[in-house]
Amino acid sequence: MASVSPGADKGDYPWWLVALALIALTLAGVIVANDLYSQVFGVVLKGLWVTIFVTLVAFLLATLLGLGIALMALSESKVLRQIARFYTEVIRGVPVLVLLFYIAFVGAPALVAVINFILSPFVSAGLMEPMLVRDLSLMWRAIIALMIGYSAFIAEVFRAGIQSVDKGQIEAAKALGLSRVQRFRLVVFPQAIRVILPPLGNDFVAMVKDSSLVSVLGVADITQMGKVYASGSFRFFETYSIVAYVYLVLTIGLSLALRGLERRLRRGLHP
């Protein structure tokens, strides 16, 4: 039996990337040369900025919320730890699509009711009008749902990354008289980010794909624009081929960029 060294595949030429690049260039040529594909591409591309906006805003908010949940999970308070655990287990157990419907049609009216209750003195004084459910757009309901859904997974990423830091360094920082905030900012987080960034990048790429779920609420993203065009023209093959092509360009491009960033971090860690 032939033996294969553990690092034999490290020098493999990325033929898979060459194949993908050739396919992408071929499809780009078809889009340019064919009027039908060019028209479909123009329609689908109208939803690109909505997809980018929803993904960036939802991921930023999910990262901030996930960091807060992770810090609660690592808190010295038993109550905070139990709340964080309850949150992550419940949210991770609910499919994103179900969460999307729940936030859009149950959570949003409840949120509006809470806001109106808080602002009731101003409403009674005639200083402002009560908020209506329709004032909270479907796009923002979708952003809130994605934020909540991904924050539980991101919280676990942050928790694992923070716990990977050597406790001896934290004790040394305590001995130097650094406060809890200073220890986190100057000692823990700079080391943890090298562990956190790769899975965090994977979650970002996953959110780009899961952002297509917002189309079920009628949000005019890439998938929704393709759905509308296909239902009116019955060009399902051409339309969804273009939709898949756009998502592949986005996700593979992001994956390659994140891999490059990860390699740079590794070189910085092990010069």
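The legends below describe close-up views of one predicted model.

The model is predicted, so local features need pLDDT of at least 70 and side-chain atom pairs count only at pLDDT 80 or more, while totals for chains, interfaces and linings use all residues. Residues are numbered from 1 along each chain as its sequence is written, and side-chain values use heavy atoms, with hydrogens and water left out.

**View 1**
The unreviewed UniProt entry gives "domain: ABC transmembrane type-1" for residues 48-258. UniProt positions are given in the numbering used here, with feature names shortened, and annotations may be inferred rather than shown by experiment. Residues 48-258 are 81% helix and 0% strand, and their end C-alpha atoms are 21 Å apart. Helices (H or I, at least four residues) and strands (E, at least two) are DSSP runs, numbered from the N terminus. Under "transmembrane region", the unreviewed entry lists residues 12-33, 48-74, 94-119, 139-162 and 242-261. Residues 12-33 are 86% helix and 0% strand, with end C-alpha atoms 35 Å apart.

R85 and E89 form a salt bridge, with the closest N and O atoms 3.1 Å apart. A salt bridge is a side-chain nitrogen of Lys or Arg within 4 Å of a carboxyl oxygen of Asp or Glu. By this rule the count comes to 4 salt bridges. Because R85 and E89 are 4 residues apart in helix α4 (residues 78-92), about one helical turn separates them. R85 is partly exposed at a relative accessible area of 44%, and E89 is partly exposed at 37%. The classes are buried (under 20% relative accessible area), exposed (over 50%) and partly exposed (in between), with a 1.4 Å probe and protein chains only. R85, E89 and R92 are linked in a network of salt bridges.

**View 1. The salt bridge between E156 and R159 in helix α7.**
The E156 and R159 side chains form a salt bridge with an N to O distance of 3.0 Å. The two residues are 3 apart in helix α7 (residues 138-163), so about one helical turn separates E156 and R159. E156 counts as buried, at 15% relative accessibility, whereas R159 is partly exposed, with a relative accessible area of 24%.

F234 lies in the loop between α10 (222-233) and α11. Its phi is near 65°, a positive value in a residue other than glycine. F234 counts as exposed, with 61% relative accessibility. The side chains of R235 and E238 meet in a salt bridge, at 3.6 Å from N to O. E238 counts as buried at 13% relative accessibility, and R235 counts as partly exposed at 39%.

**View 2. A patch of positive charge on the surface.**
R259, R263, R264 and R267 gather in this patch. Patches are made of residues with over 30% relative accessible area and no salt bridge, with like charges joined within 9 Å and nonpolar side chains (Val, Leu, Ile, Met, Phe, Trp, Tyr) within 5 Å. Lys and Arg count as positive and Asp and Glu as negative, while His and the chain ends are not counted. The place of a charge is taken as NZ of Lys, CZ of Arg, CG of Asp or CD of Glu. R259 lies in helix α11 (residues 236-269) and is partly exposed, with a relative accessible area of 43%.

**View 3. A nonpolar patch on the surface.**
L97, F101, Y102, F105, V106, L138 and V216 form the patch, with about 620 Å² of accessible area together. Accessible areas come from the Shrake-Rupley method with a 1.4 Å probe, and for residues only the protein chains shown count as cover. Helix α5 (residues 96-118) gives the most to the patch, with 5 residues. F101 lies in helix α5 and counts as partly exposed, at 37% relative accessibility.

L60 is found in helix α3 (residues 48-73) and is exposed, with a relative accessible area of 52%. L60 and S151 are 91 residues apart in sequence and 9.7 Å apart in space, C-alpha to C-alpha. G177 lies in the loop between α8 (167-175) and α9 (180-210) and is exposed, with a relative accessible area of 57%. G177 and I154 are 23 residues apart in sequence, and their C-alpha atoms are 30 Å apart in space.
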